[in-house]
Amino acid sequence: MSALLPLLEARIAAEGPMSVAEYMTWCLLHPQHGYYTTRDPLGQKGDFTTAPEISQMFGELLGLALAQSWLDQGRPERIVLAELGPGRGTLMADALRAMKGVPGLLDAAELHLVEASPALRAAQATRLSDYGPSWHDSLAELPEAPLFLLANEFFDALPVRQFLRDGDGWRERVVGWHEGQLSFGLTDIAAQAALEHRLADTAQGDMVETCAPAEAIVQEVGRRIAAQGGVALIVDYGGWGSLGDTLQAVRAHEKTAPLAAPGDADLTAHVDFRALAQAAAPAAHAPLTAQGVFLERLGITERARALAARLNGTALESHVAAHRRLTHPGEMGSLFKVLALHAPDAPPPPGLDT
Ligand code: SAH
């Protein structure tokens with residue numbers, strides 16, 4: 001049984017129902033029993049897999065897109081190369097290997113990783129030891145310099161609040177305790193200043209999600225990029241604007257009910273890229289671009305062919321399947337999107353829609 005369940009029951013008994021955001025924070029980051037605190041959830045044997053774990057091509061191409069932006073911005077001689085939620089460090093390791101081919105770039109780069117999970121920090125240390133990374137609890141701790149930032153499947157892990165439209169007000173979805181188990185409920189109707197602008201594009205009964213921590217992080221990224229230059233590539237599932245209940249739990253590669261296994265299943269919500277792009281001002285952003293198209297424009301097919309030439313048998317088959325999985329619209333190609341932030345006076349990174 002979930003070690004968190006009795007603690008959640010006691011917390012709800014003492015203080016009443018909690019927001020979905022608070023529930024997500026308990027489940028994902030509780031210091032003793034949180035999902036990310038206690039394990040490495042990635043890969044075949046874990047609960048879910050991610051693009052960099054599917055193929056080295058993903059990290060290589062993102063690394064080269066950052067490298068192109070570094071060249072376009074006149075090769076700044078000191079940059080902060082950073083990643084939010086680096087998982088096992090695979091994406092950054094692949095990116096760095098590709099970036100090595102660009103003279104001067106790695107000499108200019110200081111590597112900074114923002115990671116909450118001690119278990120995953122240890123995995124990153126093993127993977128990235130050659131590059132002397134430093135770890136941070138938050139982006140605010142990074143030194144001020146042109147910021148070249150990657151974040152893949154990071155923002156979906158941040159806690160969302162959920163609100164149901166009722167008349168011109170909103171009821172917040174909360175997690176309470178009912179008949180011996182966790183259960184969803186709704187608060188009374190209240191006005192929500194942060195959702196005033198959503199009265200225009202929602203109807204009675206619609207649900208919207210807000211993610212204040214994501215907006216705060218992107219605001220800081222945008223401020224730094226606008227002031228000092230750099231670029232951010234944010235890859236995740238989601239869309240332009242939030243509509244509907246997207247809270248989902250995944251365990252052992254299967255969907256499960258979000259309240260069924262607190263602390264033992266991954267919990268995520270779709271990313272509202274419009275909210276992120278707005279929070280990033282004064283940094284500029286390129287149009288939101290589907291991952292598959294983005295990777296094709298960066299040359300994934302040429303790279304896939306070059307790698308395929310050295311493979312045969314099942315290794316070749318799984319390489320071909322990985323290329324398809326990353327790019328095909330029926331797989332990750334259109335569900336996943338890329339939001340690129342850049343300084344207003346610099347060109348966007350390559351591969352984005354125009
Ligand atoms: N980017 C990796 C891992 C994605 S899983 C990949 O693509 O494989 C989400 C990552 O974000 C994990 O490393 C997790 O520990 C980290 N994370 C989740 N919430 C966080 C938070 N609030 N602060 C910092 N890191 C967080």
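How do the residues of the shell around the ligand divide into nonpolar, polar and charged?

Modeller: A word on the source comes before the count: this is a predicted model. The shell around the ligand divides into ten nonpolar residues, five polar ones and three charged ones. In total, 18 residues surround the ligand. The closest are T50, G85, G87, E115 and N152.

Take E115 to begin with. A polar atom of the E115 side chain lies 2.5 Å from a ligand oxygen. N152 also uses its side chain: a polar atom there is 2.8 Å from an oxygen atom of the ligand. A116 contributes through its backbone instead. A polar backbone atom of A116 lies 3.2 Å from a nitrogen atom of the ligand. On its own, the ligand has 570 Å² of accessible area, and the protein covers 94% of that. As for the site itself, the space that the ligand takes up is the largest pocket.

N152 leads on to the next feature. E153 is not a glycine, yet its phi is positive, at about 50°. Most residues other than glycine have a negative phi, and most peptide bonds are trans.

The peptide bond from A281 to P282 also deserves a look. That bond is cis, with omega near 15°. P282 lies in a loop too, between helix 10 (273–280) and strand 15 (284–285).

Last, the chain as a whole. The protein chain has 13 helices and 17 strands. Its radius of gyration is 21 Å, close to the 20 Å that the globule rule gives for 354 residues, so the chain is as compact as a globular protein of that length. Along the principal axes, the C-alpha atoms of the chain fill a box of roughly 60 × 45 × 35 Å.

Back to the site in brief. E115 and N152 are among the closest residues to the ligand. E115 has a polar side-chain atom 2.5 Å from a ligand oxygen, and for N152 the corresponding distance is 2.8 Å.

Technical notes
Residues are numbered from 1 along each chain as its sequence is written. This is a predicted model: local features need pLDDT of at least 70, side-chain atom pairs count only at pLDDT 80 or more; totals for chains, interfaces and linings use all residues. Side-chain values use heavy atoms; hydrogens and water are left out. A residue is near a molecule or strand if one of its heavy atoms lies within 4 Å of it. A polar contact is a pair of N or O atoms within 3.5 Å; within protein, one must be able to donate a hydrogen and the other to accept it, and residues adjacent in sequence count only if both atoms are side-chain atoms. Accessible areas come from the Shrake-Rupley method with a 1.4 Å probe; for residues, only the protein chains shown count as cover. On a 1 Å grid over the protein atoms alone, a cavity is a set of points where a 1.4 Å probe fits but cannot get out, and a pocket is an open set with protein on both sides within 12 Å along at least five of seven lines; lining residues have an atom within 4 Å of a point. A molecule sits in a cavity or pocket if more than half of its atoms lie within 2 Å of its grid points. Ala, Val, Leu, Ile, Met, Phe, Trp, Tyr, Cys and Pro count as nonpolar, Asp, Glu, Lys and Arg as charged, and the others, Gly among them, as polar. Helices (H or I, at least four residues) and strands (E, at least two) are DSSP runs, numbered from the N terminus. The radius of gyration is taken over C-alpha atoms; the globule rule is 2.2 Å times the number of residues to the power 0.38.
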